[in-house]
Amino acid sequence: GMAGAQSGPCQEAGPACFEQVPIRDGKTMPVYRSFPVTQPNRNLTSAVIVVHGNRRDADRYFAAIVEAARAQGVLGATQLIAPQFKAHAGACQDPVSEGEIFWSCNGWKYGEQSLNEPREDSFSVVDAMLRLLADRKRFPALRSIAVTGHSAGGQFAQRYAAGNRAEQGLGVPVRYIVANPSSYMYLDARRPTAGGFGAFAGAAGCPDYNRFRYGMEKRVGYLAATPDADILERFPRRDVTYLAGELDVSQDDPSLDKTCPAMAQGPNRRERALNFWNYIRSFYQARHGFAVIPGCGHDARCIYVSEAGRRAVFGAGN
């Protein structure tokens, strides 16, 4: 009832903070959240949606973003949501309860269709959450929404920021914080070279280097329905910040993408982040932000709890 809407934030990554958010025709998206998503709340002034990494460990991501919000002093007025993208196919056999929407092992990262609700994809599900949060009848005081992800979640956040179609006309500003992804979707065929950016020298031996998900060619899922012109026009103007762990430079990390299209973007995650940021500023006049997080490697908690991480996620005004 209404009493629950006025109680304090839920802070445990367990059943008490877990909710099934309705998506379509009885299908639901499991999330951890600090306040009920489907109950009106006039106290919430901002919201953060944090997307987990390859292990699909939304509970750990929820714990990290709660810790970051507590350190920033914004727990009481911030809706924190960690969606749980279930993968239920092939080698990925997440337990799925009745009605839960699910994806292939990797499809959720790139906006591909759900396997049990083909009219929805992983990006449209976040669109639905943005619209829910921007509903003034539910959350009249909400002033900003952040969408962020680390590692595979960073891959999600960068491509979602590039092609998102819900932000136009939402009425609430959205910012995107992209942390330590293995790769980026470049907007044209240029790649880092010794002297800056230009034609990719290894293109002949790497025919996929500019195909989706590394480039714009042959896009699938949600991004296939966003026209090139919209991506090229909107993405550079969006509020995007790239966060790179100072120590995220290992090439022995088994989760680092070492395929040729990824290596075309740089040798490691930190360099790929710096390269992409320089590229998007140089050729598309983007005003995107960038920070190297001291002392952090490939570690979501370290990134989000850091001072620069909290500033990017929760906004400089807090």
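Biologist: What's the handedness of the disulfide between Cys92 and Cys105, left or right?
Modeller: The torsion about that S-S bond is about 115°, so the Cys92 and Cys105 disulfide is right-handed. Keep in mind that this is a predicted model.

Biologist: Okay, and which parts does that pair tie together?
Modeller: Cys92 sits in strand E6 (residues 92–93), while Cys105 is in the loop between strand E7 (102–103) and helix H3 (122–133), so the link connects parts 13 residues apart in sequence. The sulfur atoms of Cys92 and Cys105 are 1.9 Å apart.

Biologist: Is Cys105 buried or partly exposed?
Modeller: Cys105 is partly exposed, at 23% relative accessible area. Cys92, at 11%, is buried.

Biologist: How many disulfides does the structure hold?
Modeller: Four. Number the bonded cysteines in sequence order and the pairing reads 1-2, 3-4, 5-6, 7-8.

Biologist: What about Cys10, which residue does a disulfide join it to?
Modeller: Cys17, with an S to S distance of 1.9 Å. The torsion there is about -95°, so that disulfide is left-handed. Cys10 counts as buried at 17% relative accessibility, and Cys17 does too, at 0%.

Biologist: And Cys296 with Cys302, what's the handedness there?
Modeller: Left-handed, with -85° about the S-S bond. The S to S distance for Cys296 and Cys302 is 2.1 Å. Cys296 is buried at 1%, whereas Cys302 is partly exposed at 22%.

Biologist: Switching topic, what's the mean pLDDT of the protein?
Modeller: The mean is 96, and 97% of residues reach 70 or more. Over residues 1–5, though, the pLDDT is below 50, and that stretch has five contacts beyond near neighbours in sequence.

Technical notes. Residues numbered from 1 in each chain as written. Predicted model: local features only at pLDDT ≥ 70, side-chain atom pairs only at ≥ 80, totals over all residues. Heavy atoms only, no water. pLDDT = per-residue confidence, 0-100. Contact = heavy atoms within 4.5 Å. Disulfide = S-S within 2.5 Å. Buried < 20%, exposed > 50% of the residue type's maximum accessible area, 1.4 Å probe, protein only. Helix = DSSP H or I, 4+ residues; strand = E, 2+ residues; numbered from the N terminus.
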